[in-house]
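Here are my notes on the model you sent, as numbered points. Please read them with the structure open.

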Amino acid sequence: EIGKPDMKGKIDLSGGGLELKTTTVPPVSGLVASVDLALDRITLRTLKATVAGGTLDAGGSLEIKDGKPGAIDLRLRGDHLPLKRDASLIVRASADLRLSGAWEQAALTGRVDVVDSIFFKDIELLPIGSPFTTPSAESLPRIDPPATKPAESVPEPFRNWTIDVRVRTGTPFLVRGNLATGKAEADIRIGGTIGTPAPDGEVIIKNFKASLPFSTLNVRSGTLRFTPEGGFDPVLEIRGSAEPRPYRVNVYVYGKASDPQMVLTSSPPLPENEIMTLLATGTTSSGLSDPQQASSRALQLFAEELRRGRFAVGKQLRPVLKLLDRVDFTVGEADPYSSESFSTATLQITDRWYLSAGMGAEGDSRILGIWRLRFY
C-alpha cells in the first residue's frame, strides 16, 4: 500500500578488493558480500574475504525497530587473520566470535587463538664506540598505565556490551633474535564489558634464553598473571640465572608490569651494583681498575659481539660462528691461583663436564678437564 510501503533491496558484491597506502591496514582481496535490506531488518547473508593470506567469513542480521537498531545476531570466523605486523612483530589469530542480544546490551562471546606469531629483533646490547658507565643499580622497563579509564574512550552503547571471550595461543608465540630466544603460551578469559574489560588468566614463558655479553640468562620459569582487579597490568613472576664465570647470578623479577621489581643475588655473594657490572662486562669493578685487564676485557667484548652477530660482518658469518656458541673465550684473564694471565677457550661437553685449553702470556699452555659440582 502507498501508506504502508514495503521497501526491500539487495547488495551483491564479488571480486572486490581494498588496498590502502598505509601499511597498518593489510590488503583485502577476493571480497564477496551479499546483503538484504528491508525496513525492519538488515541481513548479512555472506561476507568472505582474504586478508593478507588469512580468511574472513561473517554473517548475521540486525533488526530495525522504529528506525533504531534492535536485536543483533552476528557471527564472525577468521583463520590466520593478521592483527599486527611491523619490522619486529607479526601477530596472526584465528577466531570464532558471536555478537548477539539487544543493541543496547549485546554480548560478545567466543574464542581467539593466536597462531604463527613471532617477535624478532636484533638488539645491540652494548654499542661498541659509545661511552659506557658502570651500572649503579638495577632497572627494569615499565609499562605506563592508561591515563584515562577505557570506558571513557568507548561511546555508548558499545561500552556496555558484555564480553566472554577466551584468548589463548593456538601455537606458541615465538621470540627470536640475536639477543633472546624463547616462546610464550597464553590462556586468558576476558570478561566484563568492552568499556571495562576484566581479563583472568596467565602467560607462561618457556625456554627463554637471553644472550648477555659473557654469559646466557636462562629463565627457568616465568608467568604474567592477569586478574580482573589488575586489568591489563599483569603481575610478573620471573626467575632466571646466568653464569658469568666464576659466579652464578640469580635474577628474580616480580610485581606489576607498570612497576616491576628485581632482586639480584650471586654466588659467591656480591653487591647488586657489582652484579650488574658483572652481567654487563663479564667482570666486577675491580677487574676494570687495572688498565691491562680493562683493555683485555674490551677486546674480549668486541670478539663476543662479533661472534654473536651484532655487527654487519658478524651477521654474515653467523651461520659459521654459531658452531662456537658452546665455547667460552677469555682474553688475557688473570689466573686466580697465579699471577700469570691466560687466554683460554672452554668447551661445554655436558652440564657438568668442560674441556679448557689456554695459553699464557709467557707462551705456557695448559689443558684442563673440569667437572663442576654446584650447591643450591
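**Notes on salt bridges, one serine and a surface patch**

1. In this predicted model, Asp 164 and Arg 189 form a salt bridge through their side chains, with an N to O distance of 2.9 Å. Asp 164 belongs to strand E8 (residues 162–169) and Arg 189 to strand E10 (residues 180–192), so the bridge ties together parts 25 residues apart in sequence. Asp 164 is partly exposed at 37% relative accessible area, and Arg 189 is partly exposed at 41%.

2. The count of salt bridges is 13. Another of them joins the side chains of Arg 98 and Asp 73 (3.0 Å, N to O).

3. Arg 75 is partly exposed, at 32% relative accessible area.

4. A network of salt bridges links Arg 111, Asp 113 and Arg 168.

5. Ser 61 sits in strand E4 (residues 54–65). Its side chain makes a polar contact with that of Arg 41 at 3.3 Å. Beyond its neighbours within four places in sequence, Ser 61 has contacts that include Ile 42, Ala 71 and Asp 73.

6. A nonpolar surface patch, with about 740 Å² of accessible area together, includes Leu 347, Trp 353 and Trp 371. Strands E18 (353–360) and E19 (365–371) each give two or more residues to the patch. Trp 371 lies in strand E19 and is partly exposed, at 46% relative accessible area.

Conventions: Residues numbered from 1 in each chain as written. Predicted model: local features only at pLDDT ≥ 70, side-chain atom pairs only at ≥ 80, totals over all residues. Heavy atoms only, no water. Helix = DSSP H or I, 4+ residues; strand = E, 2+ residues; numbered from the N terminus. Polar contact = N/O pair within 3.5 Å; in protein donor to acceptor, adjacent residues only side chain to side chain. Contact = heavy atoms within 4.5 Å. Patch = residues over 30% accessible without salt bridge, like charges linked within 9 Å, V, L, I, M, F, W, Y side chains within 5 Å. Areas by Shrake-Rupley, 256 points an atom, 1.4 Å probe, with all protein chains shown as cover. Salt bridge = Lys/Arg side-chain N within 4 Å of Asp/Glu carboxyl O. Buried < 20%, exposed > 50% of the residue type's maximum accessible area, 1.4 Å probe, protein only.
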